[in-house]
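Colleague: I have some questions about how this model is described. Can you take me through them?

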Amino acid sequence: MYLYIQLAITGVSMGMLYALMAMGLILIVKAVGVLNFAHGQLFMLGSYLTFMLTHQWNLPLWGVVLCGIVVFAICGAAYMFACYWPLRNSPWKVTVIISTLGASIALEELVRIIWGSNPLTMKPIVEGTLYIGSAYLSYQYLFIILIGGGLMAFVYFLFEKSFIGKLMQATAQDRYAADLIGIPTVVAIVATYMISMCLSGTGGWLAGPLFLVSQSLSSFAQKAFAGIVLGGFGSVKGAIVGCILIGLIESFSLLITDSYKDAIVFLVLIIVLVVRPTGIFGEKIAEKA
Amino acid sequence: MKKALALLTVAIMMFSMVACGSGNNGNGGNGGSGDGGDSSDPIYIGVIDAFTGDRASNGEYSKEGADMAMNEINEAGGVMGREVVLVYEDDQGTEAGGTNAFQKIVSENDLAAVCLNKYSSMVLAMEQFVAAEGIPAICCGSSVNIESSSTPNLFSTRKSDSGSGVTIANWCNELGLTKVAILHAPDALGTGMTPVIEATFEELGIEAVSVQQFATEEKNFAPYIAVIADSGCDGIIGIAQQQEAGLIMSAIGEAGLGVPCIGGSAFAQQVAIETSGGACDGWYSVTAFSPTATNEPTASWIADYEELYGRAPDMTSACMYDAVKLFCAAMEEKQSTEAEDIIAWLTELDGYEGVCSNYTYNGTPMLSSSEYVVQINGTTSEVVSRVDS
């Protein structure tokens with residue numbers, strides 16, 4: 001029983017980390033129609049930047065949060081102006097996607113130049129372990145669930161209930177029409193990239209103490225992509241549910257097999273796509289003749 | 001007609017000059033090592049390791065050890081009066097990168113010998129190219145597949161995983177453990193050593209209550225530890241590379257299981273100790289090298305290394321240092337840079353004193369004849385026992 005509780009908690013917290021990355025990815029897809037292949041690297045960059053704030057600048061927690069938001073936002077804007085903006089009118093639509101692939105390599109090399117190739121250790125944001133029977137739950141895992149849940153609620157209210165969110169949604173749905181009615185679409189797109197980077201960067205901040213601050217953190221993107229597809233491509237709600245499911249499947253699959261844990265995750269993904277090709281929350285889009 | 005003949009003559013002359021030149025300089029890269037190179041030409045030795053990618057930290061230690069050996073040799077007059085130059089090639093820490101790096105380094109340079117990294121999977125991927133080239137190669141890998149390799153020019157500065165597996169199982173017995181869980185890597189190290197431990201456990205009457213193989217590039221070890229904790233084990237064995245080793249120690253520390261833990265060599269390496277966040281305290285490790293070894297000449301070498309680089313050496317530094325030294329000793333003794341002479345010298349080894357181990361050829365590529373059982377205390381590992389074979 002305690003084993004199941006423990007697997008559930010670690011599964012949900014891993015799912016939350018994937019979901020933070022997936023939400024950022026979906027926001028960019030909705031805003032500019034481009035799948036950002038450097039999103040795992042932005043997650044990794046977030047981890048390194050928070051390492052810098054906490055262990056090199058020795059800022060207190062509130063300072064890390066405030067400075068983190070500012071630094072992430074700047075990085076998000078810089079990323080947009082470097083990888084998307086110059087290529088946005090390219091006649092070959094794949095150009096931007098290729099630029100994100102290039103950015104993924106450049107970002108990995110950049111952090112290697114700045115912070116070196118050794119993995120770095122980061123103190124847990126919340127130290128200690130909670131014991132329930134024979135189950136042990138690190139507070140860091142519980143903190144991930146708490147912060148992840150909070151950020152998901154924030155994104156929901158931002159996009160569904162706020163005026164700024166509506167401007168961003170309008171830009172995402174039809175940029176030309178949004179331009180015509182006077183919405184500053186550039187600002188809306190920049191804001192989307194900033195929020196996206198903030199989500200991924202926060203994910204990196206939360207993951208760093210548990211999994212070390214290293215270039216390999218970017219590999220989390222594979223599971224985030226799987227979660228997005230499982231939940232239904234293009235749906236923020238679907239991405240969240242899909243990623244949490246991926247985290248749980250990954251965790252509980254250990255009860256069946258240790259060696260083929262990832263194979264089970266992707267087997268479930270294939271089965272879901274065969275049964276429901278649009279994913280759990282995806283909607284079929286019929287093309288007009 | 002005369003013009004054509006003149007052109008033909010010039011072409012033949014040019015061809016002859018190029019052909020004569022290639023006798024000394026190989027195929028266009030750094031020339032002059034083998035094939036009876038000029039006495040003033042440097043001797044080139046290749047070093048292949050990860051200098052970028054996730055395993056780049058290993059490459060740093062490797063380079064430090066190899067550079068230290070090269071500098072010492074050159075300061076002492078070189079080999080046969082010739083300067084030794086190391087040529088580095090980045091394998092990016094991947095099997096594909098390793099095979100590409102090997103082919104590149106041997107095709108672009110006239111190498112007398114080549115040192116390979118410690119990742120057995122990568123060494124095994126490179127093995128067919130090593131065999132085809134016939135160049136003497138010393139790796140730092142320890143897989144049972146390297147031990148059973150029939151490539152005559154491939155050697156290792158390590159003991160085989162099968163030997164280390166027996167030592168780990170015996171140490172579990174020494175600690176009085178009866179129900180042990182094993183968490184191992186999916187690579188050649190993990191899949192090679194685990195069956196040996198299980199077989200030795202059977203002989204010793206120890207039960208392997210849970211055997212978990214973690215996924216490639218795994219980061220989240222909490223679920224594995226939960227399953228292991230549920231198995232009711234009284235001890236845990238970890239077999240992994242250094243980055244995973246740090247995470248495993250950290251996850252077990254977080255679980256607060258309070259049982260003795262024994263790891264492979266990676267668990268006592270600096271990167272693992274530093275990344276475990278203090279959870280490495282009390283862990284035992286069976287390792288080819290300990291930075292706190294007190295036997296000579298190892299202790300003096302460690303002091304020199306620390307003075308030179310400002311940090312303690314890792315097993316990789318020591319293995320690579322010994323690999324370069326072994327090649328140079330072979331060339332000096334045989335007064336030759338020919339591959340067959342170097343290989344012949346290596347197969348005649350009997351008790352050569354290195355910093356990592358004493359080296360003896362026993363019919364397999366694994367030249368090392370000793371290893372340590374160490375216990376991690378804070379951020380350093382203390383030698384508990386030295387196992388000689």
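Modeller: The C-alpha centres of domain 1 and domain 2 of chain B lie 28 Å apart. This is a predicted model, in which local features need pLDDT of at least 70 and side-chain atom pairs 80 or more, while totals for chains, interfaces and linings use all residues. Residues are numbered from 1 along each chain as written, and chains are lettered from A and ligands numbered from 1 in the order written.

Colleague: What makes up domain 1 and domain 2 of chain B?

Modeller: An automatic or database assignment sets the bounds. In chain B, domain 1 takes 43-158 + 296-369, and domain 2 takes 162-287.

Colleague: How many residues of these domains of chain B are in contact?

Modeller: 13 residues of domain 1 of chain B are in contact with 12 of domain 2 of chain B (C-beta atoms, placed from the backbone, within 7 Å). On the domain 1 side, helix 4 (120-133) and helix 5 (144-147) of chain B each give two or more residues (helices are DSSP runs of H or I, at least four residues; strands are E, at least two).

Colleague: Why is helix 3 of chain A called oblique to helix 8 of chain A?

Modeller: The axes of helix 3 (residues 61-84) and helix 8 (residues 185-211) of chain A cross at roughly 125° and come within 7 Å. Angles under 35 degrees count as roughly parallel, over 145 as roughly antiparallel, 65 to 115 as roughly perpendicular and the rest as oblique. Therefore helix 3 of chain A is oblique to helix 8 of chain A. Among the contact residues are A:G68 and A:F72 of helix 3 and A:Y193 and A:W205 of helix 8.

Colleague: How many residues does each chain give to the contact between chains?

Modeller: Chain A gives 26 residues and chain B gives 30. Helix 1 of chain A supplies the largest share of the chain A side, 5 residues.

Key
Two residues are in contact if their C-beta atoms, placed from the backbone, lie within 7 Å. Axes are lines fitted to C-alpha atoms, for helices over the stretch in contact, and angles run from 0 to 180 degrees between N-to-C directions.
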